[in-house]
Amino acid sequence: MKITLKDEFIKLGQALKAAGLVESGAEAKEVIQEGKVLVNGEVESRRGKKLYAGDLVTFNGEEIKIKD
């Protein structure tokens, strides 16, 4: 799955919602805090982590590529 940036970056929680992998910001916060989300292969615990073109998010067997 790919997300195309409209601005310079997108926040991690917003990316999960945009990709349809979580229903809400609250659910995004929960899965991120539980260590279930990887950014570029490393566990990321900040919902507000800024993602830029080229970043790869992995959650629940799904991958989201960020592109510009």
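**Exercise 1: Glu44**

The side chains of Glu44 and Arg46 are joined by a polar contact of 2.7 Å. Here a polar contact is a pair of N or O atoms within 3.5 Å; within protein, one must be able to donate a hydrogen and the other to accept it, and residues adjacent in sequence count only if both atoms are side-chain atoms. This is a predicted model, in which local features need pLDDT of at least 70 and side-chain atom pairs count only at pLDDT 80 or more, while totals for chains, interfaces and linings use all residues. Residues are numbered from 1 along each chain as its sequence is written, and side-chain values use heavy atoms, with hydrogens and water left out.

*Task.* Where is Glu44 found, and is Glu44 buried or exposed?

*Solution.* 
- Step 1: Find the loop between β4 and β5, which holds Glu44. Strands (E, at least two residues) and helices (H or I, at least four) are DSSP runs, numbered from the N terminus.
- Step 2: Glu44 has a relative accessible area of 9%, so Glu44 is buried. Buried means under 20% relative accessible area, exposed over 50%, and partly exposed in between (1.4 Å probe, protein chains only).
- Step 3: Leaving aside residues up to four places away in sequence, Glu44 touches Leu12, Ile32, Val37, Val39 and Lys49. Contact means heavy atoms within 4.5 Å.

**Exercise 2: Arg47**

*Task.* Which backbone oxygen does the side chain of Arg47 reach?

*Solution.* 
- Step 1: Go to the loop between β4 and β5 (50-51), where Arg47 is found.
- Step 2: Arg47 has 38% relative accessibility and therefore counts as partly exposed.
- Step 3: Beyond residues up to four places away in sequence, Arg47 touches several residues, among them Lys11, Gly25 and Ile32.
- Step 4: The backbone oxygen is that of Gly25, at 3.2 Å from the side chain of Arg47.
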